[in-house]
Amino acid sequence: MKRVLVECRDLFFKGKIQALLGAAGGAIAREDPLDLAVLELGKPGVDERIRDLVRRGVPVVAFGSHVDVEALRAARNAGARAVPNSEVESTLRALL
C-alpha cells in the first residue's frame with residue numbers, strides 16, 4: 001500500500017485524489033514514511049515544501065492552473081513533477 005501525503009485546499013481535487021488513491025489501494029498519510037506527495041500550488045511556501053520533500057527522497061506531484069506558468073515552472077525547478085490541473089488524475093494513475 002502506497003502512503004501518500006496530500007496537501008490540497010480545493011475540495012473538488014481533494015475528493016478526486018482520495019478516490020484515485022482508494023481505487024489504487026493507497027492511503028493518505030501525514031507523516032513518514034511517504035511513498036509520494038501531492039501538493040496543490042498557490043499556497044505560500046509550497047516551493048520550499050517541495051524542496052524539503054524532494055531532499056528527503058519523496059517524489060512530488062505538484063498541480064495548479066495551466067495559466068500560472070510561473071508556479072508550474074518554480075515547482076519543476078524545486079524538483080516536483082508539476083502538471084496543470086487537467087493532468088493531475090492521469091499523472092497519479094500512472095504513478096500509483
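1. Phenylalanine 63 is buried, at a relative accessible area of 0%. Buried means under 20% relative accessible area, exposed means over 50%, and partly exposed is in between (1.4 Å probe, protein chains only). This is a predicted model: local features need pLDDT of at least 70, side-chain atom pairs count only at pLDDT 80 or more, and totals for chains, interfaces and linings use all residues. Residues are numbered from 1 along each chain as its sequence is written, and side-chain values use heavy atoms, with hydrogens and water left out.

2. Aromatic pairs. The structure holds 2 of them. Rings of Phe, Tyr and Trp (its six-membered ring) pair if their centres lie within 6.5 Å; planes under 30 degrees apart count as stacked, over 60 as edge-to-face and the rest as tilted. Phenylalanine 12 and phenylalanine 13 have ring centres 5.3 Å apart and planes at 80 degrees, so this pair is edge-to-face. Phenylalanine 13 also pairs with phenylalanine 63, and that pair is tilted: 5.3 Å centre to centre, 50 degrees between the planes. Phenylalanine 13 lies in helix 1 and phenylalanine 63 in strand 4, so the pair ties together parts that are 50 residues apart in sequence. Helices (H or I, at least four residues) and strands (E, at least two) are DSSP runs, numbered from the N terminus.

3. Which residues make up the aromatic cluster? Phe12, Phe13 and Phe63 form it. Phenylalanine 12 counts as exposed, at 52% relative accessibility. Phenylalanine 13 counts as buried, at 12%.

4. Helix 1, length and ends. Helix 1 has 13 residues (residues 11-23); at 1.5 Å a residue they should span 18 Å, and the end C-alpha atoms are 18 Å apart, which agrees. The expected span is 1.5 Å times one less than the number of residues. At the start of helix 1, a side-chain oxygen of aspartate 10 comes within 2.8 Å of the backbone nitrogen of phenylalanine 12. Just after helix 1, glycine 25 has a positive phi of about 80 degrees.

5. Phe13, Ile17, Leu20 and Leu21 of helix 1 are buried. They cover an arc of only 100 degrees around the axis, which puts them on the same side of helix 1. The arc is that of the directions from the helix axis to the C-beta atoms. On the other side, Leu11, Phe12, Ala19, Gly22 and Ala23 are exposed. The cover over the buried residues includes strand 1 (3-7), strand 2 (27-28), strand 3 (36-40), strand 4 (60-64) and helix 4 (88-95).

6. Cores. A nonpolar core is a set of buried Ala, Val, Leu, Ile, Met, Phe, Trp, Tyr and Cys residues joined through side-chain atoms within 4.5 Å. The largest has 18 residues, of which Leu41, Ile50, Leu53, Val60 and Ala75 touch the most other members. Strand 3, helix 2 (46-55), strand 4 and helix 3 (69-77) each supply at least two residues of this core. Apart from it lies another core, of 14 residues, among them Cys8, Leu36, Val61 and Leu92.

7. Contacts (heavy atoms within 4.5 Å). Neighbours up to four places away in sequence are not counted for threonine 91, which touches Val61, Arg81 and Val83. Threonine 91 is in helix 4 and is buried, at 7% relative accessible area.

8. Alanine 27 sits in strand 2. At 23% relative accessibility, alanine 27 counts as partly exposed. Leaving aside neighbours within four places in sequence, alanine 27 contacts Met1, Lys2, Arg3 and Val4.

Notes: Polar contact = N/O pair within 3.5 Å; in protein donor to acceptor, adjacent residues only side chain to side chain.
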